[in-house]
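Here is a briefing on one protein model. Look at the sequence and the structure first, then go through the points by topic.

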Amino acid sequence: MLLKTLPLADPGRPDLSSPLAFLRWLQRDQRRGQVLATCWSLLETGCQAALPVPVGLGVQAVVDEDSGALWRAGVLALVLAVLTGLGTVLLHRQSVWNWIHAVCQVRQLVARQASDLGAGLSRRIATGEVVAVGSGDVEKIGWYVELVARLRGAIAVWLAVSAGVLAVEPVLGLAVLLGVPVLAASVWPLLGPIERRYSEQRALGGKATELAADTVAGLRVLRGIGGEELFLDRYRAASQKVRAAAVRSARIRSLMQAQQVLLPGLFVVGVTWYGARLAADGRISVGALVAVYGSIAFLAAPLRILGEAAHAWSVARVSAGRAVRVLALARTEGTGDAVLGDPARSDLFDPATGLTARAGELTAVVCGDPDVAGALAERLGGHVPVGGDGRPEPSARLGGIELDAVPLAEARAAVLVHDKEPVLLSGTLAALFDVPSSGRVDPWEALAAARAQDVLDALLDGAQGAPDGAGGAAVMAAEITERGRSLSGGQRQRLALARSLLADPPVLVLDEPTSAVDAHTESRIAAGLRGNREGRTTVVFATSPLLLDRADRVVLIRDGAVAAAGTHRELMRGEPAYRAVVTRAEQPVPAQEPAPVGEPVRAGEQP
């Protein structure tokens, strides 16, 4: 069995027309594995089904007092036993391979989708739903994909046993040929309830996962306002709902499993009773009766596989539907083959609002509604959010070319969007700064522009054995905890800003990059940002006068469109609506919410 390096170099392009089509695509994508698993299943189950034949021959040899036939029957039984063991080992190895391959492939597809959609993914589908697809649903999908090969082997062996028994005794053969499908079909009435209850369990589990993720992400804030118990009670209630749904689902599954034991048992008893009557009447020999009985008793194994396949199909279809829902989210309806000109010399235009960010200038955008600002920032980066009517909003244009008609990698290389809540992954500072960049800005310049010296001091203080006055290598080797939880909100914000400045894209979009720092630090960051991005196209979403006064041009967005444009001082004098948003003297449009409380206060930050 050939091994593959995981993760896969390319997880492929799945068929997302339906859940069934997606499952079929997964099977087709591992044709070799499916064929091998089917062959080993035939070897294992075929030898198991044939094993009663030498047993029957041996019994008949004893009855006939034929020692030669007894030896031949013993050798045949030994060969079949060895082949059965070999088939079992090979089938297990190949089934596990198929299962792991399918699971990893789906997980990579989900991860690729999350990467393609970027921050817009969480606005279109709950984070808990994505987590549940990448954890629980892939297990069910992999189970079904690997089971299909075993199902093929079970059906083939059932047909072979039916043909063999039919040749020995037509009545028994017909009973086997027709009885097994009837027994297999008896589980189908339970599939509907199983699928409905599993869907309910799956939906409740996704909500509980989402609630847990939100609680963990905001744990420090919750502790600051004393809200841990409230959210803990909510999670307990959600968890109990999942438990109750799981119990209801388990009841149906236990009923199906009981049926899979009872009905085949009754079938074997009935067939054996009829065969014994035939042997008593002398119509078949004792050896033939033993062989027929053993083969029919063996059919309990294929019947269990049929029942398992029915159960796997019912849950895999639900899980595949969830996966298809995530994977079918489209970034764009464009062709993806357009070519950009020189991004550094191209204006960035948003047709939805009429906003134009001129090439080489620092443009500040003022929105009274943070949701409008977030959607606009996302759209400027080439991520098309879904509007209220369910259709994608128009794409931003860079140099007259729609970003969503440009290959994703090229669009992201041209325009970098710095989210309002950027994520810091665990690792060293050097790993955090290991991002594609132009090379024009080095890490120390980026950190200086973001005024992040106290962040470096905090990282060194947290490093075990770091000497006082440690050099650059020690600083870059300092460890950052997951999501930067050991840092304050303002420190995380400045470290993420330094990472974006280091990348030095032709166009940089910053969404509230200084919302968690005090006025003095914000003023210094504004000066550093201005100097670092001199001559580069930069768009800053902000309402702080300290940032707005540094901009070449300020644009006011109101009611979803450009309402005014000019310098900060011009708009303060001539635009009451702008003045109201910036000074918060009155609220003609919804104001931004205050920064979360509960973050630790560090030097140079507001409490």
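**Strand 10 and its sheet**

Strand 10 is mostly covered, with 5 of its 5 residues buried; buried means under 20% relative accessible area, exposed over 50%, and partly exposed in between (1.4 Å probe, protein chains only). The model is predicted: local features need pLDDT of at least 70, side-chain atom pairs count only at pLDDT 80 or more, and totals for chains, interfaces and linings use all residues. Residues are numbered from 1 along each chain as its sequence is written, and side-chain values use heavy atoms, with hydrogens and water left out. Helices (H or I, at least four residues) and strands (E, at least two) are DSSP runs, numbered from the N terminus.

Overall figures

- The secondary structure of the protein comes to 23 helices and 12 strands.
- Of the 607 residues in the protein, 45% are buried.
- Contact means heavy atoms within 4.5 Å.
- Take the contacts between residues at least 6 apart in sequence: 78% of them join residues at least 24 apart.

- Axes are lines fitted to C-alpha atoms, for helices over the stretch in contact; angles run from 0 to 180 degrees between N-to-C directions.
- Two strands pair if DSSP finds at least two bridges between them.
- Strands of a sheet pair through backbone hydrogen bonds, either parallel or antiparallel.

Strand 10 in detail

- T537, V539 and F541 point one way from strand 10, while T538 and V540 point the other way; all are buried.
- Strand 9 (residues 507-511) pairs with strand 10 (residues 537-541) in the parallel sense, over 5 bridges.
- In that strand 10, T538 is the bridge partner of L508, and F541 stands opposite D511.
- Strand 3 also pairs with strand 10 in the parallel sense, over 4 bridges.
- T363 stands opposite V539 in strand 10.

- The buried residues of helix 23 are A577, Y578, A580, V581 and V582.
- They pack against strand 3, helix 21 (545-548), strand 11 and helix 22 (568-574).
- R584 follows helix 23, and its phi is positive, near 60 degrees.

M572

- M572 sits in helix 22.
- How accessible is M572? It is partly exposed, with a relative accessible area of 22%.
- M572 touches Y578, R579, V582 and T583, not counting residues up to four places away in sequence.
- M572 and P545 lie 27 residues apart in sequence, and their C-alpha atoms are 9.8 Å apart in space.

- Strand 1 (residues 348-350) and strand 2 pair in the antiparallel sense over 3 bridges.
- D350 stands opposite L355 in strand 2.

Helix 2 and helix 4

- Helix 2 (residues 31-50) and helix 4 (residues 67-117) pack at an angle of about 150 degrees, with their axes 8 Å apart.
- That makes helix 2 roughly antiparallel to helix 4; angles under 35 degrees count as roughly parallel, over 145 as roughly antiparallel, 65 to 115 as roughly perpendicular and the rest as oblique.
- Helix 2 passes helix 4 in a left-handed crossing, meaning that the near helix is turned anticlockwise from the far one by less than a right angle.
- Residues of helix 2 in this contact include G33, W40 and C47, and those of helix 4 include L80, G87 and W97.
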